[in-house]
Amino acid sequence: MEQKLLTKHIPGMDPMNVQAYLDVEGYQSFLKALKTRPLDIIGDIEQSKLRGRGGAAFPVHMKMMSMAKQKETTRYIICNADEGEPGNFKDRYLMENNPHQLLEGMLIAAYATRANKGYIYIRGEFDTPIKIMQEAIKQAKAHGMLGTNIQGSGFDFDLEIRSGAGSYVCGEEFALIESIEGKSGRTRVKPPFPTDVGLFGKPTLINNVETFSNLPWILSMGGETFASIGTESSTGTKLVSVSGNVKHPGVYEVPFGVPIRDVIDTLGGGTQNAQKIGMVQLSGASGPIIPEYMLDLTIDFDRFEDFDSKTGAGAIIVMDDQKDMFDILKRISDFFDHESCGKCTPCREGNVHMSKLLNKFLQSDATEKDLMNLESLSRVMHQTSLCGLGQSAPTAVLSTLKYFRDTYFDRIEHPQEGGRA
Amino acid sequence: MLESILTKYPKDQDMLIEILLDVQNQKTDQYLSEAEIEQIASYLSLPTAHVSSAVSFYTFFSTQPRGKHVIQVCKDVPCYLNDSDNLVDTIQKQLGIGMHETTEDGMFTLEPTSCLGICDGAPAMRIGEHTYTKLNKDRVTALLAEYRGKR
């Protein structure tokens, strides 16, 4: 079931030694790119139909093209390595195990969009990935892959690592930009989009770790071949973070189109003590919670649009049937309450009230009126928040209102002891 | 000491977060004082309010003295699902402190943290710059003893 591209060379590879990457034809795609017209590279990526892996699934070539067309010559590339979505750990895995693949992907994107400076914004909690990426940059420089006039091509590119300081919202592209600029991480109103006015007011291409890591593969196999992997709407592979009540939590790489049930049973080894699955949360804290009978759903961007969400970053959090739904929802709500940047009202105030309402259900103190309030509050937050954080904070509640509605009424009518959230 | 840290950095506003992290990490009591905030602001030619705003925004920064070792326990769902020993409760009992409190000897401060991005090793926590995974009561007890021994 697994299909390994991005993780193919990881077993046995020393991430601290650039030679290990060079030995598996590492940096060959970048060297090939240096001899290709930038627009042809973007064309190849367009053919691959690669979509962003950070959560929004935006077509990668469109961002690149928008950046390539800018008149301004100072441009930036940013790698979003602020992986903070609960249940996601695949970017950490990629950085810790194959750092040069990411650097190569960034180099290809930089060359194709004519950017000369890049940043990798890594969350502050990722002590090990930061150290590994620093060493990788040092070694890439020593091997002439970074710096001025790279490989005699006339192309200059320099790369810096910036650390986060404990803020989930900085994974949102404009909050991230603000953070790099030395400010609190509060988003900006869009448009303009970062490819028009981004970091330091200059055109900026931002992509996720996994997205950049795909680029060397697209260039080496060709966009068309890449597009034959996965499904019509979602090409290539997806790194899935499997966690929760499973026997074998971990990062698995599968082609798009694989049913979630198979990932849980075959790769995750099923539940820990053969309990039944009660709920599964997809994407992470910002994703929908679905019941067991929906697990034949396949991993595919378009299938996920039913939930007003994409595959998100690709997390599968498995919860056995012993877990209290309100305990889980309260924890999720507390997370967003803490992480809201406070800039827009629906998110800043909405999360406070959502948490209070969920606590009433948890304490078996809720009425039907609370249920109605929770439902309308969720919709307002989803529709009116400024950025993805506030828009997706109520996804878990909205999805459970749809698929576990009886559980709400049950708690209103039959008070019982909840969990410890 | 602050002076020697600051001079390592260019006087660019975008270095602010890096500087704040560096300064705080080098202090035993793990916090940023008002005087330090003012000095950093002046070094980068920023209003003090700008720096204070950033300090209060990011969870990593504290304006109150903390213990030598800051313990951050993940409170999010993937860890919770595997936290049968209740780590927070275990640590609170052993150290005799509540959340956001510091032990009398100034060794430990206990804080909650959002997801550490290591859910395959749930439940997880961080002490200083080290992340510990697959924790249970025994392992936490041993870790706390180990850190106490480091004094």
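**Close-up views of a predicted two-chain model**

Among contacts in chain B between residues at least 6 apart in sequence, 59% join residues at least 24 apart; two residues are in contact if their C-beta atoms, placed from the backbone, lie within 7 Å. This is a predicted model, in which local features need pLDDT of at least 70 and side-chain atom pairs count only at pLDDT 80 or more, while totals for chains, interfaces and linings use all residues. Residues are numbered from 1 along each chain as its sequence is written, and chains are lettered from A and ligands numbered from 1 in the order in which they are written.

**View 1. Chain B and its elements.** Chain B has seven helices and four strands, where helices (H or I, at least four residues) and strands (E, at least two) are DSSP runs, numbered from the N terminus. Their order from the N terminus on is α-α-α-α-β-α-α-β-β-β-α. Along the principal axes, the C-alpha atoms of chain B fill a box of roughly 50 × 30 × 25 Å. Of the 151 residues in chain B, 38% are buried; a residue is buried if 20 or more other C-beta atoms lie within 10 Å of its own, exposed if 12 or fewer, and partly exposed in between, with C-beta atoms placed from the backbone.

**View 2. The side of chain B that touches chain A.** Here 31 residues of chain B are in contact with 41 residues of chain A. Helices α2 (16–25), α4 (48–57) and α5 (77–81) of chain B each supply at least two residues of this side. Its residues divide into 18 nonpolar, six polar and seven charged. Ala, Val, Leu, Ile, Met, Phe, Trp, Tyr, Cys and Pro count as nonpolar, Asp, Glu, Lys and Arg as charged, and the others, Gly among them, as polar.

**View 3. The sheet of chain B.** Four strands form an open sheet in the order β2-β1-β3-β4 (chain B), with mixed pairing; two strands pair if DSSP finds at least two bridges between them. Strands β2 (108–113) and β4 (130–132) of chain B stand at the edges with a single partner strand each, so one side of each is left without a neighbour in the sheet. Strand β3 (residues 125–127) of chain B runs antiparallel to β4(B), and three bridges join the two. Ile127(B) stands opposite His130(B) in β4(B).

**View 4. Two nonpolar cores.** A nonpolar core is a set of buried Ala, Val, Leu, Ile, Met, Phe, Trp, Tyr and Cys residues joined through C-beta atoms within 7 Å. The largest has 142 residues, of which Met106(A), Ile108(A), Ala109(A), Val263(A), Val280(A) and Ile316(A) touch the most other members. Helix α6 (residues 99–113) of chain A gives the most to this core, with nine residues. A second, separate core of 15 residues includes Ile17(B), Ile19(B), Leu44(B) and Ala54(B).

**View 5. Backbone geometry in loops of chain A.** Most residues other than glycine have a negative phi, and most peptide bonds are trans. Lys49(A), not a glycine, has a positive phi of about 60 degrees, and its place is in the loop between α3 (38–48) and α4 (60–68) of chain A. Lys49(A) is buried, with 20 other C-beta atoms within 10 Å. Ala274(A) also has a positive phi of about 60 degrees, but counts as exposed, with 8 C-beta neighbours inside 10 Å. A cis peptide bond, with omega about -10 degrees, joins Lys190(A) and Pro191(A). The bond from Pro191(A) to Pro192(A) is cis, with omega near 0 degrees.
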